[in-house]
Amino acid sequence: MKRNYWIKLTKTNKEKGFTLMEVFVAVSVLAFGLLAVASMQGTAIRGNHLSGNLTGASTLAGDRVEKLMGMGYSDAELNVGNHSESSDPYTISWTVAQDAAFNNTKTVNVRVSWNERGTQKSVLMQCVKAR
């Protein structure tokens with residue numbers, strides 16, 4: 001009986017460390033996880049960039065709407081037709097239509113557009129100014 005005990009003790013002493021296959025699987029899982037995190041990081045950076053541009057465009061459009069609403073009904077910037085100006089990297093344009101919604105009103109559509117990675121993006125705000 002001592003001999004069987006000795007054999008069992010010897011086998012457990014030989015089983016130290018990891019096999020090459022276990023190390024390979026662990027490194028593969030770690031590499032796959034790191035690549036997934038790196039991919040998500042790039043997506044997050046692009047999303048943050050788009051978000052920043054969208055916030056900037058919304059702010060410019062809101063400012064333009066407030067400016068136009070504060071002007072007199074017959075101001076030159078509220079003449080019927082298309083108007084535009086640039087504020088790098090954005091283009092601010094507004095269209096004024098008279099009596100489109102109601103009589104004695106001007107409907108103003110303010111659009112702020114920019115180029116995002118080769119794609120044209122824009123924000124549109126609409127308001128109605130009464131006489």
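1. Order of elements. From the N terminus, the protein chain runs α-α-β-β-β-β, with two helices and four strands in total. Helices (H or I, at least four residues) and strands (E, at least two) are DSSP runs, numbered from the N terminus.

2. Basis. This is a predicted model, in which local features need pLDDT of at least 70, side-chain atom pairs count only at pLDDT 80 or more, and totals for chains, interfaces and linings use all residues. Residues are numbered from 1 along each chain as its sequence is written, and side-chain values use heavy atoms, with hydrogens and water left out.

3. The sheet. Four strands make an open antiparallel sheet in the order β1-β2-β3-β4; two strands pair if DSSP finds at least two bridges between them. At the edges lie β1 (81–87) and β4 (119–130), each pairing on one side only. On average, neighbouring strands are turned by 15° against each other, direction ignored.

4. Helix on sheet. Helix α2 (residues 20–70) packs on this sheet and touches β1, β2, β3 (105–116) and β4. Its direction makes about 155° with that of β3; axes are lines fitted to C-alpha atoms, for helices over the stretch in contact, and angles run from 0 to 180 degrees between N-to-C directions.

5. The β1/β2 pair. β1 and β2 (residues 90–98) are joined in the antiparallel sense over seven bridges. Ser-87 has Tyr-90 of β2 as its bridge partner.

6. Burial. Of the 131 residues in the protein chain, 21% are buried, meaning under 20% relative accessible area (1.4 Å probe, protein chains only).

Conventions: Buried < 20%, exposed > 50% of the residue type's maximum accessible area, 1.4 Å probe, protein only. Contact = heavy atoms within 4.5 Å.
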